[in-house]
Amino acid sequence: MSARLNAFGQPIGPALPDWSPRPRPPRTPMEGRTCRLVPLDAAAHGEALFETYSAAADTRGWTYLGDEMPKSAAAYRARLETQQTSEDPLFYAILDPARGDALGIASYLRIDPGNGVIEVGHLHFGPRLQRSPAATEAMALMMVRAFDELGYRRYEWKCDSLNAPSRAAALRLGFTFEGIFRNAIVVKGRSRDTAWFSITAAEWPRVRAGFAAWLDPSNFDGEGRQRHGLADLRAASG
């Protein structure tokens with residue numbers, strides 16, 4: 001597509017004549033078939049989250065997070081009491097819809113209504129949630145809210161450039177890699193280069209179609225194994 005030119009013959013970006021700042025994400029649940037996302041509540045979710053993180057074989061899941069595994073359920077609950085009141089990041093607990101217990105957390109952050117940009121982050125999935133359909137659906141539900149419900153233009157994913165599982169997850173979910181911000185931040189006393197990924201509103205329909213096809217119960221056999229991969233289904237959607 002040829003760039004538009006202004007009166008001086010300079011290329012300029014597409015016009016957005018109907019653009020207006022987008023609403024901030026609400027503190028309301030997001031309902032799926034395999035999971036629910038609800039506003040984080042330290043009293044309601046703290047014990048279950050501490051138990052699920054404690055069930056991991058080791059603490060490698062904390063390596064790339066900004067904090068460390070708490071020493072006790074009480075210490076973790078105190079941390080969550082601060083997080084639950086935050087507006088940005090805005091935290092949600094990911095729940096098992098049948099049992100109601102919390103399996104992990106996720107958040108919106110760097111929320112920029114004026115430009116229609118929002119990031120997903122502070123992801124921490126317990127062992128039961130990792131590599132499950134619920135983990136994928138939780139990410140899909142957050143995108144549906146950002147794009148379809150709130151009308152954001154850009155959805156971001158950022159992670160430590162050395163965090164290979166997070167980078168692989170971003171690509172599997174349909175994000176496009178945009179590059180590395182070198183010496184971006186200091187975390188736990190060490191320098192971090194940050195890998196940037198995004199999905200734009202123009203790309204979202206194809207990403208959404210891939211999620212719908214992958215999450216369909218017919219895509220799983222009697223043992224719960226996927227018949228077709230998410231990336232293949234997204235590609236097939238055009």
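Six helices and ten strands make up the secondary structure of the chain in this predicted model. Eight of the strands form an open sheet with mixed pairing, in the order β3-β4-β5-β6-β7-β8-β10-β9. Its edges are β3, residues 30-31, and β9, residues 176-187, each of which pairs on one side only.

Within this sheet, β6 and β7 run antiparallel and are joined by six bridges. Strand β6 covers residues 102-112, and β7 covers residues 117-125. One of the residue pairings involves D112, whose bridge partner in β7 is V117.

The overall dimensions agree with a compact globule: for 238 residues such a globule would have a radius of gyration near 18 Å, and the chain has 19 Å. The C-alpha trace spans about 65 × 45 × 35 Å along its principal axes. Of the contacts between residues at least 6 apart in sequence, 59% join residues that are at least 24 apart.

The following table collects percentages for the chain.

| Quantity | Value |
|---|---|
| Buried residues, of the 238 residues | 43% |

With regard to charge, the chain carries 29 positive and 27 negative side chains. The centres of these two sets lie 4 Å apart.

Methods
Residues are numbered from 1 along each chain as its sequence is written. This is a predicted model: local features need pLDDT of at least 70, side-chain atom pairs count only at pLDDT 80 or more; totals for chains, interfaces and linings use all residues. Side-chain values use heavy atoms; hydrogens and water are left out. Helices (H or I, at least four residues) and strands (E, at least two) are DSSP runs, numbered from the N terminus. The radius of gyration is taken over C-alpha atoms; the globule rule is 2.2 Å times the number of residues to the power 0.38. Buried means under 20% relative accessible area, exposed over 50%, partly exposed in between (1.4 Å probe, protein chains only). Contact means heavy atoms within 4.5 Å. Lys and Arg count as positive and Asp and Glu as negative; His and the chain ends are not counted. The place of a charge is taken as NZ of Lys, CZ of Arg, CG of Asp or CD of Glu. Two strands pair if DSSP finds at least two bridges between them.
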